[in-house]
Amino acid sequence: MNGTLIVTEHLRGELRELTRELVTAAQQLSGPVTLAVIARDPTEFDVNFQGVDEIVNVPLGQEEFENDVYQAALEALIADRQPHAVLLGFTVNSMGYGPAVAAKLALGFASDVHGIALEDGAVIATRSFYGGKVDAELEFPADRPVLLLVRPTAFAPAADGGNASAREFAVELPPARARHLEFEEAAAGDVDITTADFLLSVGRGIGDKEAIPQFEQLADKLGAVLSVSRPLVDAGWMPNARQVGQSGKTVKPKVYLALGISGAVQHLAGMKTSGTIIAVNTDPEAAIFNVAHFGAVADLFDVAAELEKLS
Amino acid sequence: MKIVVCVKQVAVLGDEVEFTGDEREVDPDYLDFALNEWDSYATEEALRIREEVGGEGDEVVVVSVGDAQVEDAMRRCLAMGADRAIRVDYSRSADPITVARLLAPVAQRESPDLVFCGVQSSDGVQAATGTALAELLGLPCVAVVTRIEWEPSASRATVRRELEGGLLDLTEVDTPALLTIQTGINQPRYATLRAIKQAEQKQIEVVSPAEQGEPAYRVRRMFAPPKGEGAQILAGGPADIAQRIREIVAERLK
């Protein structure tokens, strides 16, 4: 077994920044770094990053992702390259086939990995448990490859300027049992939360749909735009356009004031690069405090009432 | 028509955490337990389908891996309206591939039309058990589903897959199939007190675990994450906190 195999993450013709991060992650391991591009026209993507030793282009007869096709391609690549480690991104597409490959080939496996190391030739991965409140180091079976789904933004993006050679690798692809029909864009809302300098963001802690107007009002008074975490959209209280998080919008305002948001992984992914993060939550162990610059363990309604008075 | 729903009782960490002597797990005294939120959506979706297109004798069967304690979560599903529950007796913590190997024989035995798993568990957040289980069952799989259109007589379902940024992928999948269910697909019903009481009396079938093979990983050390710079704590009562927030905001927006 030798080196690291990375599968390029792309969506609708756009290369995802996450791919560069996977290349950086691979630098923690040993052996050559092979970057595979599985796509209708793999040469469309410029993936010659620093740290990549070889590019393998796997052409498909189709434009869009289908999990059976990507699974067959990855299994063929693993059989051909015999890598020590396989890195995918922790993305919706990869969730659709990565664990299947791991189960089929009985690989070592972990997902949402945010740390990778090599110790005495063995891969050690770090991931969180209990909803982000604790971390753990994982060891893997010694005699087989390990497949990891890596958390977006956990590693810095690799720079351009590599000089890997590219080759084509043709794979016999099965008919897909789950077939893409068409895309539907998320509905655009009344407000674009990605352009706001100041976001007042509320989560499950507000308890009730009836509390929303109070926070809309507070946002107005503070000069902020109101955004929400996923549970409020799931409940139908607010539209997806207001949602901060992996399945909503990624935001980077100057100030992100989070009230009653616990800090689920997919929410943090959408806001943790904000300029200043202030979090209010009654749970002192809430994961949001791991990314916040300022934190208060307090009842959000009490704090909101005081903020209202000051405005 | 039969839908198997795989459910998990998740652990919730409270205000404090302590680790076991070997530092490889959280001390169970510091854990509370609940039905995984994704699994209540999955159970609701199975019940919705049974109500809309099912008939006499159609079943929603919940399956879980764990010790007797996880039957609490399973009874919540029974109280919602699931017909039967099967527990694979297993008391250790397990990686998603191992859990899939434990679920597979039970799901297989039921010959379901559809298998539902939650996209992920709130404590593990691996988002892997469902996809791994589909592979072991030889079933087509769609992960992160926010809408399902299917009839028992049909050989395929039309589902909606939710990608990053809220982009939706309309997908056709051959059935029987395994789908991992995303939150927001429906509004899970509340069980009535009566249903909860009745569920307490229901028999849950317990089966022995199958061979699991080698685990996909082993926890070597568990620890509180480094807080980094750490959040600066805003002390005092709500009025003090609000005052500080106002100052910080004014400063940062200058």
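This is a predicted model: local features need pLDDT of at least 70, side-chain atom pairs count only at pLDDT 80 or more; totals for chains, interfaces and linings use all residues.
I started with the charges of chain B: the mean positions of its 28 positive and 43 negative charges lie 2 Å apart. For this, Lys and Arg are positive, Asp and Glu negative, with His and the chain ends not counted; each charge sits at NZ of Lys, CZ of Arg, CG of Asp or CD of Glu.

Residues count from 1 along each chain as written, chains are lettered from A and ligands numbered from 1 in written order, and side-chain values use heavy atoms, without hydrogens and water.

Next I looked up the fold of chain B and found six helices and 13 strands (DSSP runs, H or I of at least four residues for helices, E of at least two for strands, numbered from the N terminus). Its C-alpha atoms fill a box of roughly 65 × 45 × 40 Å along the principal axes.

Then burial: 54% of the 254 residues in chain B are buried, meaning under 20% relative accessible area with a 1.4 Å probe, protein chains only.

Last, I went for cysteines. How many disulfides are there over all chains? I get zero, taking a disulfide as two cysteine sulfur atoms within 2.5 Å. B:Cys6 has its closest cysteine sulfur in B:Cys117, but 4.0 Å is too far for a bond. B:Cys6 is buried at 6% relative accessibility, and B:Cys77 is buried at 0%.

Key. Buried means under 20% relative accessible area, exposed over 50%, partly exposed in between (1.4 Å probe, protein chains only).
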